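Please open the structure in a viewer and keep the selection panel at hand.

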Amino acid sequence: MKPTLQSLIGGRWIGREAATPLHNALTGSLIYHTHADVIDFGEALDYARKTGLPALMQHDFQQRAARLKALALYLLERKEELYAISHLTGATRADSWVDIEGGIGTLFAYASMGGRELPSSNVLHEGPAMALGKNGGFAGTHILVPRGGVAVHINAFNFPIWGLLEKFAPSFLAAMPCIAKPATATSYLTEALVRMIDASGLLPAGSLQLVIGATGDLLDRLEGCDAVTFTGSADTAARLRVNRNLIAHSVPFTAEADSLNCAILAPDITPDDPEFDLFVKEVAREMTGKAGQKCTAIRRVIVPEAMVDAVGTRLRERLAKVSVGDPSVEGVRMGALASKDQQRDVGERLARLAQGNEVLFGARDGFAPVGEGVADGAFFAPTLLLCRDGMANDAVHDVEAFGPVSTIISYHGIDQALALAARGKGSLVSTLVTKEPAIAAYAVPVAAASHGRVLILEREAAVDSTGHGSPLPQLKHGGPGRAGGGEELGGIRAVRHFLQRAAVQGSPTMLAAVTGEYVRGARVQESEVHPFRKHFEELHIGDSLLTHRRTVSEADIVNFGGVSGDYFYMHFDEIAAKDTQFGQRIAHGYFVLSAAAGLFVSPAPGPVLANYGLDNLRFVAPVAIGDTIRARLTCKRKVDRNRTDDKGVGQGVVAWDVQVTNQHDELVASYDILTLVMKRQ
């Protein structure tokens with residue numbers, strides 16, 4: 001009897017009875033079984049709500065980001081264990097790298113973004129606050145807070161590691177305990193990952209549970225504070241999103257579904273251009289990478305009619321060089337599909353696509369998988385079709401063979417190319433290959449209406465491009481229509497998807513207390529101790545300094561011009577300045593900035609280590625010769641990044657609100673200064 005996979009439910013691994021057999025994609029041999037034990041989803045949700053949620057809420061955004069980084073480092077050290085199992089899914093080393101190290105890299109990315117952009121609390125302020133009354137006593141703003149619910153992540157078979165981690169990372173940062181359900185065919189690799197995570201002890205108890213097998217009545221038990229994400233087929237997404245309980249409780253449902261993505265060769269490209277080779281290479285890579293089992297793979301190759309034969313010939317030549325078989329064999333560049341079921345499904349869909357179209361390359365062209373025992377593997381020949389009339393053929397825009405199958409579609413003019421792209425009824429990604437910025441400027445806004453991401457590929461971008469099929473943590477992943485209508489990834493945007501937004505109204509003092517940020521108009525605390533003389537722990541939001549005054553002289557303007565080299569006429573030409581809206585010479589804006597710093601900086605050595613940024617700078621009103629300015633410096637926001645320097649001294653980031661006013665108490669400049677501040681301990 002082969003090993004039986006287990007689910008992690010309620011803090012323990014369950015599953016003893018063997019159920020569905022799972023097979024090696026390369027040889028067809030039996031390797032695992034799912035378990036037949038029935039999961040109590042009431043227990044799973046109860047554990048997530050009563051154990052996982054309180055444990056996560058004991059940490060703030062910054063602390064959870066630090067846990068993600070620690071987990072990423074832990075998994076990276078053990079990646080080879082995952083590579084060894086990933087081989088059984090039919091993946092090459094390169095395929096597995098995208099799944100394994102791509103997933104771990106996503107953890108690193110969210111840990112970094114969370115560390116930079118999220119506060120040391122569980123309230124994310126979406127400012128700035130805005131005045132809602134004439135007298136300054138009533139204001140409003142928005143905050144994002146943890147939803148207090150559970151995230152259910154239902155994943156596809158093609159990326160059993162990345163698929164889990166790219167959803168887990170933002171929901172973990174948002175303090176949502178997760179219940180992950182991988183697709184059955186490759187669930188053994190996800191189980192290995194979750195066992196590794198569980199053994200690390202790095203996550204708060206109840207942060208992550210794993211479901212092997214069916215979801216049973218899980219969706220029927222969810223509440224309005226919960227969330228569901230799904231990756232898979234459009235048909236399954238459509239069925240799940242109309243679950244009566246999800247609709248009744250308005251449970252957020254985010255789908256990322258397979259789509260008929262395209263690549264467009266623009267009419268300005270000829271076979272002599274480097275972009276032509278880039279186009280062919282990208283299409284071939286997307287056909288054969290992961291054996292075409294990617295939701296982002298290029299299914300439709302949209303080519304000018306005059307270039308169809310050239311593209312077809314070049315693609316056939318490249319595909320003929322692709323060796324298919326066991327990835328452990330030297331030279332093999334494409335492995336197997338994930339299962340025999342997947343092999344049958346791709347074959348059936350290819351038969352539908354081939355009707356009325358030409359097969360330019362396929363199984364007849366020397367397809368013979370290499371390796372020992374591969375006769376029963378789930379291999380499929382790279383197959384290239386040609387559709388000469390894409391406007392009349394519906395199948396190429398409706399039927400997706402989720403494997404190494406693509407169709408060349410000819411077009412007349414860029415407008416028809418864009419119309420063909422839109423026939424996919426919503427896709428995750430499209431690529432436009434052109435060397436003309438004018439074509440990109442015209443085509444991309446049109447394509448963006450029906451595609452979640454648009455890659456413009458040409459010789460300059462190719463140096464660093466990650467390619468058509470590579471969703472990145474910093475950018476959104478998802479698409480309209482058939483692609484599911486949802487969004488994943490996208491940096492901190494993804495974290496916001498798992499938080500609850502609320503509008504808050506009250507006095508500036510109350511808003512400052514709620515948001516953990518100073519709001520202009522709120523009460524401040526002034527003391528004899530300069531704020532720059534306080535260590536990170538000693539600073540409080542609202543600690544403030546109102547500086548002495550300084551009158552701006554003509555010598556100030558002349559000297560600043562000499563030092564900076566800025567001799568702009570508004571500062572030096574009395575006659576020209578009189579003809580402007582200001583009617584006189586005015587001081588350099590950056591002089592005002594520098595003068596304000598001179599007013600509020602405490603020059604002696606102290607806890608403030610460095611000024612490393614300036615945000616939201618606005619020069620609100622002019623400062624003329626003879627005007628008198630002063631500044632108010634207020635501690636606006638503190639972020640404890642839980643770091644130490646090379647001497648072991650702790651540091652935090654402090655944002656200071658700066659308001660520069662003139663002799664009439666009118667605001668002339670406004671900005672935030674970011675500083676590194678030493679901790680006492």
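The model is predicted, and the residue numbers below count from 1 along the chain as its sequence is written.

**The seven-stranded sheet**

Begin with the open sheet of seven strands, whose order is E14-E15-E16-E13-E12-E17-E18 and whose pairing is mixed. Strand E14 (358-361) and strand E18 (451-457) stand at the edges; each has a single partner strand, so one side of each is left without a neighbour in the sheet. On average, neighbouring strands of this sheet are turned by 25° against each other, direction ignored.

Next, select strand E12 (residues 261-265) together with strand E13 (residues 298-304), which pair in the parallel sense over four bridges. Within this part of the sheet, Cys262 stands opposite Arg300 in E13.

Phi of Lys425 is near 60°, a positive value in a residue other than glycine.

**A helix pair**

Now select helix H2 (residues 61-77) and helix H5 (residues 162-173). H2 and H5 pack at an angle of about 150°, with their axes 9 Å apart. The two helices H2 and H5 are therefore roughly antiparallel to each other. To see the contact, show Phe61, Arg64, Ala65, Arg67, Leu68, Leu71 and Leu75 in H2, which meet Leu165, Phe168, Ala169, Phe172 and Leu173 in H5. By class, this contact of H2 with H5 has 10 nonpolar, no polar and two charged residues.

Keep H5 in view: with four residues, H5 gives the most to the lining of the second largest cavity. This cavity holds about 70 Å³ of space. Its lining includes Trp162, Gly163, Glu166 and Lys167, and also Asn155, Cys295 and Glu488. By class, the lining of the second largest cavity has four nonpolar, four polar and four charged residues.

For the largest cavity, the volume is about 90 Å³. Of the 14 residues that line the largest cavity, select Thr89, Ala91, Lys290, Gln293 and Ala336, which are the closest to its centre. The lining of the largest cavity has six nonpolar, six polar and two charged residues.

Which residues are the closest to the centre of the largest pocket? Select Phe157, Ser233, Thr236, Gln342 and Asp345, from a lining of 43 residues. About 1100 Å³ of space lies in the largest pocket. Helix H11 (340-354) supplies the largest share of the lining of the largest pocket, seven residues. The residues of the lining of the largest pocket divide into 15 nonpolar, 15 polar and 13 charged.

Finally, turn to the second largest pocket, which has a volume of about 900 Å³. It is lined by 37 residues, of which Glu517, Asn616, Lys636, Arg637 and Asp672 lie nearest its centre. Among the elements that give two or more residues to the lining of the second largest pocket are helix H4 (93-117), strand E25 (608-619) and strand E28 (667-678). The largest share of the lining of the second largest pocket, eight residues, comes from E5. By class, the lining of the second largest pocket has 20 nonpolar, six polar and 11 charged residues.

Strand E5 (residues 124-131) also contains Pro128. A cis peptide bond, with omega about 5°, joins Gly127 and Pro128.

Methods
This is a predicted model: local features need pLDDT of at least 70, side-chain atom pairs count only at pLDDT 80 or more; totals for chains, interfaces and linings use all residues. Side-chain values use heavy atoms; hydrogens and water are left out. On a 1 Å grid over the protein atoms alone, a cavity is a set of points where a 1.4 Å probe fits but cannot get out, and a pocket is an open set with protein on both sides within 12 Å along at least five of seven lines; lining residues have an atom within 4 Å of a point. Grid points are joined across faces, edges and corners, and a volume is the space filled by probe spheres set on the points. Ala, Val, Leu, Ile, Met, Phe, Trp, Tyr, Cys and Pro count as nonpolar, Asp, Glu, Lys and Arg as charged, and the others, Gly among them, as polar. Axes are lines fitted to C-alpha atoms, for helices over the stretch in contact, and angles run from 0 to 180 degrees between N-to-C directions. Angles under 35 degrees count as roughly parallel, over 145 as roughly antiparallel, 65 to 115 as roughly perpendicular and the rest as oblique. Contact means heavy atoms within 4.5 Å. Two strands pair if DSSP finds at least two bridges between them.
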